[in-house]
Structure formats: structure tokens, C-alpha cells
Amino acid sequence: MEKKPELEHILHEYVTTCSDHYRFFMHRTVPAAWHSKLPLQAEERWLRLHALLSLDPRQTEWQEHICYFVKCEHIACYGHASTQSLVCVAPVDSQLERPFLHEETHVLTYKRWGMLPAFFMEGIAHYVERSAITYGHEMQQHQGKSAGFWASAFLEQRDHVLDILQRSDCFRREMPAYPMYLLASNFIDFIMTTYGPQFLHRCCALVGSSTDITDAMQLSEPEIIAAWRQFVQEQGR
Ligand SMILES: [Zn+2]
């Protein structure tokens, strides 16, 4: 028996809408108003996330990028990014910014620097979320503790960080998942504040092409720990 072509299935279930940098496949159950709202918001976010990372949008090739949007009633916001597509699922009444910002940042960093170690990849995405969104105080915290608190707890009595910076599975091994996001975003905050965006760009370009982290940062492990500790202290909790 002949298999039903996938395209036919997509055309039946989804409605296509285009903007400058995105092509949306929105599920047919998505409210009509979102078909004009989401592309506008996406283009605004496109500029905002480049600005937050001090990147020039003209240097990001994004034409082929496809963004799927699926509306779902009963689940929390969820997103997934690959090199070709970006899937965001969100309940109809939710704030859509958060999963989109996070996943779009993943695609942007991938396009710029290739596959980064998980700590950098998730750290940058969560840093962008935290910097771009002013609502939702809870996303800056876990159990009432801020990113600075988790970073301080992590760095206390610790004389090695390279395992966490370099391991691809650090998000499954170390702390509970959400504090790991806070910790990783605190690290990116530290890099941006202490050394500036150009330094972050250079590190990402180097670690993306599998250069050792200490070589990429041109700092030894004790120097990284000392500078990160100092940043956390100065920031307070
Ligand atoms: Zn992520």
C-alpha cells in the first residue's frame, strides 16, 4: 500500500504564514489572530536577541529556517530546536515569548558557532530569556533562590569547573535541571559583564570548533574560578 505523502499531511493540518526570517507552519487550531501577531513578534524578537548578544543580524544566514508552531491546550510551554526546524508548543493563553526566545537563541548560536558545549548552549539561551523578559520573576529563581545563589553554592569549595563547562551531558549529571540553567546563565552573565560580548563571541567560535575551553578563554581553570567567584560576590544574591 502506498504511504500517504508527508507534505499532504502537513498541508492538511497546518497553515503557512511567512515573515522576513521565518516561515510558520501553524496548526489549524491556532486562533486566527495569531497568524498576523506571531510573525510580527518573531521579527521583533529576531532583532532583540541579536541586540542582547551584540550580534549583527546581517551576518546571520536564516533564510531557510522553518518555524513550526503548534498550539496545544493541556501542556506547559515546550520547545525544541534542530538545524532545520524549531518547534514551539504552547497553550493558547500562555506567554509565547519564552519558549520562542529560548529555541531561537539555540538556532542562532548554532548558525553562528556550530554545536557548543551544553553549558554554553543552554547558558546563552537562558541568559537571553532572563535578559529579555521582565515578567515571570519565578523564572529567575528556583525554590526562591536566584541564579547568583546557585552559582555561589556551586563555586563554594570547588577547585574544578572544566568538567561542567565541557561535558555534553552535564545537564543530566550535576544539579537538578532548573538550577543548572540558572547556573549556566549566570556563567554567561559573568562572561558578558566581566569580559564583554566580543570575548563571548570569540570563545564560542573557538569552543564550537572544539578548542579546549581554557585555550578559548585564554585563562587557566583557577583563573576562571577566581574571576567567576568575584563576579558572583560583586553581584550579590
Ligand atoms: Zn535549551
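**A helix crossing and its surroundings**

Analyst: Of the 237 residues of the protein chain in this predicted model, 31% count as buried. The secondary structure of the chain comes to 11 helices and 7 strands, and among contacts between residues at least 6 apart in sequence, 58% join residues at least 24 apart.

The part in question is the meeting of helix α4, residues 118–132, with helix α8, residues 177–194. Two packed helices are described by the angle between their axes and the distance between the axes. Here the axes of α4 and α8 come within 7 Å and cross at roughly 85°, and the two helices are therefore roughly perpendicular to each other. On the α4 side, the residues that take part are F119, E122, G123, I124, H126, Y127 and R130, and they meet Y181, A184, S185, F187, I188 and D189 in α8.

Leaving aside residues up to four places away in sequence, A184 touches F119, E122, G123 and H126. With the same exclusion, S185 touches G123, H126, Y127, R130 and A147. S185, whose place is in helix α8, counts as buried because it has 24 C-beta neighbours inside 10 Å, where 20 or more are required. S185 and E129 are 56 residues apart in sequence, yet their C-alpha atoms are 9.3 Å apart in space.

In soluble globular proteins, nonpolar side chains tend to be buried together. The largest such core in this model has 41 residues, and those with the most contacts inside it are F120, I124, V128, W150, L183, A184 and F187. Helix α8 gives the most to this core, with 9 residues. The core draws at least three residues from each of domain 1 (6–100) and domain 2 (118–235).

A second, separate core of 6 residues includes F24, M26, V30 and A42.

Two loop residues with positive phi complete the picture. S54 lies in the loop between α2 (34–52) and β3 (66–71), and its phi is near 55°, a positive value in a residue other than glycine. Because S54 has 12 C-beta neighbours inside 10 Å, it counts as exposed, the cut-off being 12 or fewer. Q157, found in the loop between α5 (147–155) and α6 (162–166), likewise is not a glycine and has a positive phi of about 55°. With 6 C-beta neighbours inside 10 Å, Q157 also counts as exposed.

Technical notes
Residues numbered from 1 in each chain as written. Predicted model: local features only at pLDDT ≥ 70, side-chain atom pairs only at ≥ 80, totals over all residues. Helix = DSSP H or I, 4+ residues; strand = E, 2+ residues; numbered from the N terminus. Contact = placed C-beta atoms within 7 Å. Core = buried A, V, L, I, M, F, W, Y, C linked by C-beta atoms within 7 Å. Domains from an automatic or database assignment. Axes fitted to C-alpha atoms, helices over the stretch in contact; angles between N-to-C directions. Parallel < 35°, antiparallel > 145°, perpendicular 65-115°, else oblique.
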